[in-house]
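Have a look at the sequence and the fold, then read on.

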Amino acid sequence: MWFQASGSEEPRQRWHLDLWVDPAQVQPRIDAALAAGGTLVSEAEAPSFWVLADPQGNRACLCTWQDRD
């Protein structure tokens with residue numbers, strides 16, 4: 001896990017969580033987040049990371065080691 005400051009383009013939140021997972025676990029975790037009422041905000045940087053949001057708009061990133069410099 002990695003906690004970082006909330007960005008200026010996202011809804012104001014106290015923190016932004018980056019959760020690092022094995023690439024094989026990405027889709028099951030996205031599916032679970034969507035089933036729990038979350039949304040997929042962006043997959044533009046996949047397979048490096050996906051941006052998810054909870055029902056209140058708080059964002060978090062699901063990250064992998066793939067396509068990293």
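Cysteine 63 is buried, at a relative accessible area of 2% (buried is under 20%, exposed over 50% and partly exposed in between, using a 1.4 Å probe and protein chains only). Cysteine 61 counts as buried too, with 9% relative accessibility. This is a predicted model, where local features need pLDDT of at least 70, side-chain atom pairs count only at pLDDT 80 or more, and totals for chains, interfaces and linings use all residues. Residues are numbered from 1 along each chain as its sequence is written, and side-chain values use heavy atoms, leaving out hydrogens and water.

| Cysteine 61 | Cysteine 63 | 5.3 Å |

Now for the core. The largest nonpolar core has six residues: Val21, Val26, Ile30, Trp50, Leu52 and Leu62. Such a core is a set of buried Ala, Val, Leu, Ile, Met, Phe, Trp, Tyr and Cys residues joined through side-chain atoms within 4.5 Å. Helix H1 and strand S4 (49-53) each give it two or more residues; helices (H or I, at least four residues) and strands (E, at least two) are DSSP runs, numbered from the N terminus.

Leucine 62, beyond residues up to four places away in sequence, touches residues including Val21, Ile30, Trp50 and Arg29, where contact means heavy atoms within 4.5 Å. Arginine 29 sits in helix H1 (residues 26-35) and is partly exposed, at 40% relative accessible area. The C-alpha atoms of arginine 29 and leucine 62 are 8.4 Å apart, though 33 residues separate the pair along the chain.

Note on methods. A disulfide is a pair of cysteine sulfur atoms within 2.5 Å.
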